[in-house]
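The notes below walk through the fold and then the space it leaves.

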Amino acid sequence: MKKYFLCILLFVTLSFSAFAQNTLVLGDKESPKAKLSSVSWLTGHWRGEAFGGIVEEVWTPPLGDSMMCAFKLVKDNKVQFYEMCQIREENESLILRLKHFHGDLKGWEEKDDRVEFPLVKVKENVVYFDGFTIENVSDNHIKMYVMIGKEGQKEEYEFNYFRVSN
């Protein structure tokens with residue numbers, strides 16, 4: 001009986017870990033205190049594959065109260081969309097913001113709208129924003145996990161980026 005119970009416990013544990021997500025939700029909690037220096041490892045030119053194409057991001061070093069990023073997805077040798085992003089120090093914490101643009105730079109969001117991801121938690125090599133996680137795997141490899149979709153139908157996507165050497 002004990003062996004049967006251990007097998008069931010192992011199965012349940014493995015089942016839940018198979019569905020484990022890499023993103024967190026802030027909920028009604030307040031974002032923790034943090035500084036840009038805790039995510040400065042993100043600085044650089046990164047490239048990977050996603051959505052059937054090539055994804056590319058360039059993150060600037062912290063300057064002033066923010067880091068800036070330009071993102072693009074290229075599929076079939078054509079830009080599908082861009083994002084302009086920032087990680088900014090606000091209220092003694094960090095927030096990730098972005099705006100989407102079509103390949104011709106027409107915006108997706110309304111003029112003053114943007115997508116915001118408040119900080120949930122910072123660890124040594126991982127920063128968790130609400131629905132968006134960035135992991136420093138190594139000096140030349142980062143992973144991003146993003147919840148994409150409409151409320152109630154969101155799915156987590158993984159992006160693997162590798163440093164572009166010039």
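Here is a short tour of this predicted model, from the overall fold to one strand and then to a pocket.

This is a predicted model, in which local features need pLDDT of at least 70 and side-chain atom pairs count only at pLDDT 80 or more, while totals for chains, interfaces and linings use all residues. Residues are numbered from 1 along each chain as its sequence is written, and side-chain values use heavy atoms, leaving out hydrogens and water.

**The fold**

The protein chain has one helix and 10 strands (DSSP runs numbered from the N terminus: H or I of at least four residues for helices, E of at least two for strands). Along the sequence the pattern reads α-β-β-β-β-β-β-β-β-β-β. The 10 strands close into a barrel in the order β1-β2-β3-β4-β5-β6-β7-β8-β9-β10, with antiparallel pairing (pairing requires at least two DSSP bridges between two strands). Of the 166 residues in the protein chain, 33% are buried, that is, under 20% relative accessible area with a 1.4 Å probe, protein chains only.

Strand β1 (residues 44-50) has G44, W46, G48 and A50 on its covered face and H45, R47 and E49 on its uncovered one.

| Strand pair | Bridges |
|---|---|
| β1 and β2 | seven bridges |
| β1 and β10 | three bridges |
| β7 and β8 | four bridges |

**The largest pocket**

How much space lies in the largest pocket? The volume is about 580 Å³, taken as the space filled by probe spheres set on grid points joined across faces, edges and corners. A pocket here is an open set of points on a 1 Å grid over the protein atoms alone where a 1.4 Å probe fits, with protein on both sides within 12 Å along at least five of seven lines; lining residues have an atom within 4 Å of a point.

The lining has 30 residues, and H100, F117, V146, M147 and I148 lie nearest the centre of the pocket. Strand β9 gives the most to this lining, with four residues.

Key
Buried < 20%, exposed > 50% of the residue type's maximum accessible area, 1.4 Å probe, protein only.
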